[in-house]
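Here's a quick briefing to read with the model open in your viewer. Have a look first, then work through the notes below.

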Amino acid sequence: MNFNIAHFNESLIYGIKYLPNTLKLVFIPLVMGLILGTAVALVRAYKVPVFAKLLAGVVTIYQGVPIVVALMIYNLLFMLKFNDLAKLLHIQSSVADVDNIWVGIFALTLMAVCSMSEAIRGALLSIDHGQNEAGYSVGLTKVQTIRRIIIPQMIPVVIPTLINNVVGLIKASSVVMAIGITELVAGATIPSSRTYSFYEGYVAAAVLYWGLTIIIENLAGILRKHTGKFRGNAYD
Amino acid sequence: MDRLFDWGRFLDNIPKIAPYLSITLSIVVFGTLFGVILGIGIVLINMKKLPVLYPISKVYVSFMRGTPMLVQLMIVYYGIPAWIDPIFGTNINREWSAVTFAYITFILNQGAFLSAIFYGAITAVPYGQTEAGLSVGLTGFQTFRRIVVPQMIRTALPPFGSDLVGLFQNSSLVFLVGVTDIMGRAKTIGSATKHVLEAYVFVVIVYISISLLIRLSFYWLNKKLSYGRGGVAGEF
Amino acid sequence: MKKIGKQLIAAVLITALAATFTGCGRKEALANADVEKIIVGTGNAYEPYCYLDDSGNLAGYEYEVLKVVDELLPQYEFEFQTSDFANVLISLDAGKIDIAAHQYEYNEERDEKYLFGEEAYTTYVTYLVVAGDRTDITSLDDLQGLKVKSSSGSNASYILENYNQEHADNPIQIDYVNNSTDEETVTGILNGVWDATIATKRDVEKLNKGYGDGADVLKTVGEAVQSSSTYFLFDKENTTLKEAVDGAVKELRENGRLAEISTQVIGGDYTESE
């Protein structure tokens, strides 16, 4: 098999052209995932009646669904039912007007909320219960204890797992090509449709993803050093 | 168009899809079993900072973590034989089946991910614990095995469980290189019978059930290993 | 606890070993010294050409034709390997397969990279396909700025990409939807997700039969986008195999077997003209 450099370069350029779509598919779910995920984790860790059990069930079940299948089902329903829904809500739009990237963002957001809530909850659980008691004993309220004692200790623990999640999200974003959204991988293989150099297209996509995650991991490393300053760690 | 969802078709699909579960499971079993071994190897390389191997393992882990599974599958399936066959005079390109390459991809991928999980869990154990062990006269290895590892396992278990669930779901990608797993079978049923939703729904149920089973086992394991110690919220 | 753990590990190891052995067994059974093993690569989701039947076995026109071709060529033994459409040609590139069979139409770029068989085994005339009630589209020019569904590596994509190179100011938006199901195609076009796609008349008839409830929900419009036939593809070097397969296909066409298979599997004789 010959590796065609010219085709590889062309794929690289096409991949970069569609990078903004991948970023959109990562950052919107990431922000939503962090906000909603923290909320879900706190509700579950502090055992808020009814909601804790309900969310535990939903998160556990939903995490069992592969993103590809979820995406396919949402897409099918979106294509079939969106027009009816818009009519019902008296919105002047139809399936044709809505970019289906939003179906991808929707599916990835749900995934992010679940995985991030698990990461954050895991970190919360790693903190000794005595820390809570210590907070109360010096007269802090529950919210103050969470904010000033638990969360600052949780952050250095949660960052590696969270970075795993972000990286996972970046890579999961490639599955949206299954419903015809042109993101990085689909973009990099566009020239391949004409030149039949798919292998070069995939390698170009790999290089771009790799670069992207290396940047993110480096940023995370800086963040981790910064937040974990007070914590001695001989293995780093 | 016919009814979107039909129970008759749903029931018809079950015996057609179920046998392919063995393919999915074999990928998970191979990926986990050899992935754990590989992961431990990489952690040891990282901790001992072995020359040559250490930088190689860094690059390798970074690549595996930084690129989508789909792309890795393509690179292993098409790329590895192209390097190995000319060097060793073998013909694995033709002699190894697609499923063998799928196993290799998942083992390589899992090794990298699990090493990150294990390593993260080790660094989450405060260094004071190691000092305490050394101060009572334990050797470095004894301290690691008796003090660090038991605590590390507790931290590593939840992400390990999620990773296993993720592996299970990612295995649905092997369809692309021609290995028919449950997801692939669902798709082919969709193209042969013209109705895909029922098949997807059944596959979703299978995925959810197995992920619940995995989670339940980890919950049980976690309880066994908690040594009566509670986190912020006690046991979950 | 320890005992259970050991048993679990043993169980897992046995499963793993069993899986390896069944894998090896299959391969050894196929090795035969006298006949050359030829691997045919085809798709797994294009009914009625190449798809998996009720019991999960490869079925369809490509398979039926090549099975008969194999019977005519005692020096070869065909083994079939299915994958996603876009991956069939990569596999040919990578030397994993010897013949690619997936209703491949002729185009220059393919011709440059692969070896085309000379004997066509189906005609393939493609048209623009739109929702039954649309009247605004009759040619590629009408699609400028509109969305067309296609898939990576297809000849339709090749045509659209070439069109866009010439009309870079107002290109057609190409949506690459790989391994989509027919259901998604029909639903998407009817609901306006895509304005059109490119397919043959017989594919449209198939979609209308499957999803139209008797009505023609989709229709072909305008002149043919491309009139071609489909050929098997080979590696550039592999002229011996190509000539052997060409000879067999020629024989099948002349003795009427090819038309018979076409009628049986596709539902009409598409081997000569439409």
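Predicted model: local features only at pLDDT ≥ 70, side-chain atom pairs only at ≥ 80, totals over all residues.

**Confidence first**

Residues are numbered from 1 along each chain as its sequence is written, and chains are lettered from A and ligands numbered from 1 in the order in which they are written.

- Helices are DSSP runs of H or I with at least four residues, strands are E runs of at least two, and both are numbered from the N terminus.
- Within chain C, helix H1 (residues 2-30) has the lowest mean pLDDT of the elements, at 50, and helix H2 (residues 61-72) the highest, at 96.
- The pLDDT is below 50 over residues 17-31 of chain C. Beyond near neighbours in sequence, that stretch has eight contacts in the model, a contact being two residues whose C-beta atoms, placed from the backbone, lie within 7 Å.
- For the whole model, the scores are ipTM 0.77 and pTM 0.81.

**Chain A on its own**

- Chain A has ten helices and zero strands.
- The C-alpha trace of chain A spans about 70 × 55 × 30 Å along its principal axes.
- Of the 236 residues in chain A, 50% are buried. A residue is buried with 20 or more other C-beta atoms within 10 Å of its own, exposed with 12 or fewer, and partly exposed in between, with C-beta atoms placed from the backbone.
- Take the contacts in chain A between residues at least 6 apart in sequence: 80% of them join residues at least 24 apart.
- Helix H2 (residues 19-45) of chain A has 27 residues and reaches 37 Å from its first C-alpha to its last, close to the 39 Å expected at 1.5 Å a residue. That expected span is 1.5 Å times one less than the number of residues.
- H2(A) bends by about 25° at A:Gly33, the bend being the angle between axes fitted to the seven residues ending there and the seven starting there.
- Just after H2(A), A:Lys47 has a positive phi of about 50°.
- A:Tyr14 sits in helix H1 (residues 5-17) of chain A. A:Tyr14 counts as buried because it has 21 C-beta neighbours inside 10 Å.
- Leaving out residues up to four places away in sequence, A:Tyr14 touches A:Gly187, A:Ala188, A:Ile190 and A:Pro191.

**Where the chains meet**

- The contact between chains A and B takes 47 residues from chain A and 43 residues from chain B.
- H10(A) gives the most to the side of chain A that touches chain B, with nine residues.
- That side of chain A divides into 30 nonpolar, 13 polar and four charged residues. Here Ala, Val, Leu, Ile, Met, Phe, Trp, Tyr, Cys and Pro count as nonpolar, Asp, Glu, Lys and Arg as charged, and the others, Gly among them, as polar.
- Chain A also puts 23 residues in contact with 25 residues of chain C.
- H4, helix H9 (190-195) and H10 of chain A each supply at least two residues of the side that touches chain C.
- The side of chain A that touches chain C splits into 13 nonpolar, nine polar and one charged.

**The nonpolar core**

- The largest nonpolar core has 203 residues. Such a core is a set of buried Ala, Val, Leu, Ile, Met, Phe, Trp, Tyr and Cys residues joined through C-beta atoms within 7 Å.
- Those with the most contacts inside this core are A:Leu71, A:Ala205, B:Ala102, B:Val203 and C:Ala100.
- Helix H6 (residues 98-124) of chain B brings the largest share of this core, 17 residues.
- Not counting residues up to four places away in sequence, B:Ala102 touches B:Ile27, B:Val174, B:Val177 and B:Val179.

- B:Lys49 has phi near 45°, a positive value in a residue other than glycine. B:Lys49 lies in the loop between helix H2 (21-48) and helix H3 (53-66) of chain B, and is exposed, with 9 other C-beta atoms within 10 Å.
- C:Gln103 has a positive phi too, near 50°, but lies in strand S6 (residues 99-105) of chain C. C:Gln103 is buried, with 23 other C-beta atoms within 10 Å.
- The peptide bond from C:Glu47 to C:Pro48 is cis, with omega near 5°. C:Pro48 lies in the loop between strand S2 (45-46) and strand S3 (50-52) of chain C.

Definitions and conventions
pLDDT = per-residue confidence, 0-100.
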